Amino acid sequence: MAANLDQNTEVMIFDGVRDQLTPSKLTETIKLFQPDMVGLSIVSAASKTVLDDIRVVRRLLPDAVIVAGGPHPSLLPHEFNAAAEDSIDYILRGDAETAFRMLVARCWNQRSRDISSRDIADIPGIWSKTRDGMVSSDIPLNQACDELGIPAWDLMPPAEYPRVPQGEFFKNFPVAPVITSRGCPFECGFCSVAALKGKTVRFRSPDLIADEIQLLKNKFGVKEIQFVDDNLTVSKEHVLSVCEAMLNRNLDIPWSCPNGVRVDTLDDDIVEAMKAAGCYSVSVGLETANPDVLERMNKHLDPDKAIEAVHRVARKKIEVNGFFILGYPGDNEANIKDTIRLAKRLPLTRAHFMLFTPFPGSREYERLSRVSGNRVPHDATFAQVSYVPHGMTKKDLKRLHRRAFIEFYARPAAAWKLVKAVNSLNGLYYFLRRTFHWLG
């Protein structure tokens, strides 16, 4: 978004995780920078916490424009604005690079935070209560990714980020995230990507991706890439072209897919190309061992083919990490124990057991909200129990969650893989701290 603003616009990126955000630190930064506009990117798990930040901003900057974006306000604009007590001037829904540039220009031209509905009606994905009425437009889903160029990495140099919590597991530091596509054609019941980013996948050109990696490597000293697409391998042609571009540029940099790829897309051609281009680790969504629960998830995944693909990747000496969901609607204790056994049976380097959290925009969130007649809780993390399947208790589910982690990592081979993957004492400390958080 910063890269797409007018060059005369002065921008500061304040990363709440990197900078260990506190109210006092936010106050200090605002007083120092005195911004005309403040934008906040918000996920559902942080939605309540961010409301306090918005109050701080409004108190210190009564005339500033406050803009909210990110998954949570994009999918629940009315609800979030009400929770913010109308302190937000504008919500930009979905991909907001173009919308943000347009909004900044309009606010600057009119020297006002309150623009008429007529003057902003053409901004894609905008939601606002203006002085003369409500403005709301659909989430934009057809933006050409290449038009957005390369992010303004000079505003967030990767080396300035801590080694953790960027992720305890990597080979070389500094590490930088790169996105090669947006959108996902699948509609898994637990995921809101289709609602937020669209089912039509938009790809960046392989040459532009290689340009960005080369810039990160040569100018910013980046030594590893994490591809954080919603589904890097959704198009065989695309992922093969990206790998080919990396090889043609002789980028010679290790990379991984920590966000996860769809396991049944990993055929021999893709796995071999990824390995040749420097991939050393992939994460895959296996979710559950139970076919009925898998069907309710709308995953359209053949369990046997998924297991076969995990072995295929492991044989190429690429580490495989599995994502599993416990406590999905229709789940029970027997199903969860089967899922734990499946994780232990597979050649996984790590297994991540997440408690089902119904996020806004997902099919399951909408279904559960209709059944209950109320919005279901959405501000929990994957380590907290926010939904309990019929026939189970909160205590039962958390006990099985702890059991999954303990059974998987208590095995000597799995424990040794874990120790080898944590690359520093600091990383080990953060891993143990996060482990206690997940088991708590």
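Biologist: How many aromatic pairs does the count come to here?

Modeller: The count comes to eleven aromatic pairs. Keep in mind that this is a predicted model.

Biologist: Take Phe227 and Trp255. What kind of aromatic pair do they form?

Modeller: For ring pairs, look at the centres and at the planes; planes over 60 degrees apart count as edge-to-face. Phe227 and Trp255 have 4.9 Å centre to centre and 80° between the planes, which makes the pair edge-to-face.

Biologist: In which strands do Phe227 and Trp255 lie?

Modeller: Phe227 belongs to strand β9 (residues 224-227) and Trp255 to strand β10 (residues 255-261), so their pairing ties together parts that are 28 residues apart in sequence. Phe227 is buried at a relative accessible area of 2%, and Trp255 is buried too, with 1% relative accessibility.

Biologist: And how do the rings of Phe408 and Tyr409 sit?

Modeller: That pair is edge-to-face because the ring centres are 4.9 Å apart and the planes are at 80°. Phe408 is buried, at 0% relative accessibility. For Tyr409 the value is 16%, so Tyr409 counts as buried as well, since the cut-off for buried is under 20%.

Biologist: Which residues form one aromatic cluster with Phe408?

Modeller: Phe408 clusters with Phe324, Phe353, Phe405 and Tyr409. Phe408 also has a charged residue over its face: Arg411, at 4.5 Å from the ring centre. Over at Tyr280, the charged end of Lys171 sits above the ring, 4.7 Å from the centre.

Biologist: Let's turn to the sheet. What is the order of the five strands?

Modeller: First, the general idea: strands of a sheet pair through backbone hydrogen bonds, either parallel or antiparallel. In this model, the five strands run in the order β1-β2-β3-β4-β5, giving an open sheet with mixed pairing. The edge strands, each pairing on one side only, are β1 (37-41) and β5 (133-136). From one strand to the next, the twist averages 15°.

Biologist: In what sense do β4 and β5 pair?

Modeller: Strand β4 (residues 126-130) and β5 are antiparallel, with four bridges. If you want a residue to look at, Lys129 has Met134 in β5 as its bridge partner.

Biologist: Which strands does helix α5 touch?

Modeller: Helix α5 (residues 97-110) packs on the sheet and touches β1, β2, β3 (90-92) and β4; its direction makes about 155° with that of β3. Helix α2 (residues 47-60) lies across β1 and β2 (65-69), and runs at about 180° to β1.

Biologist: Now the cysteines. How many disulfides does a search of the whole structure find?

Modeller: Zero disulfides turn up. The nearest cysteine sulfur to Cys279 is in turn that of Cys257. Cys257 is buried, with a relative accessible area of 2%, and Cys279 is buried at 2% relative accessibility.

Terms used. Residues numbered from 1 in each chain as written. Predicted model: local features only at pLDDT ≥ 70, side-chain atom pairs only at ≥ 80, totals over all residues. Heavy atoms only, no water. Pairing = 2+ DSSP bridges. Helix = DSSP H or I, 4+ residues; strand = E, 2+ residues; numbered from the N terminus. Axes fitted to C-alpha atoms, helices over the stretch in contact; angles between N-to-C directions. Contact = heavy atoms within 4.5 Å. Phe/Tyr/Trp six-rings, centres within 6.5 Å; stacked < 30°, edge-to-face > 60°. Buried < 20%, exposed > 50% of the residue type's maximum accessible area, 1.4 Å probe, protein only. Lys NZ or Arg CZ within 6 Å of the ring centre and 35° of its normal. Disulfide = S-S within 2.5 Å.
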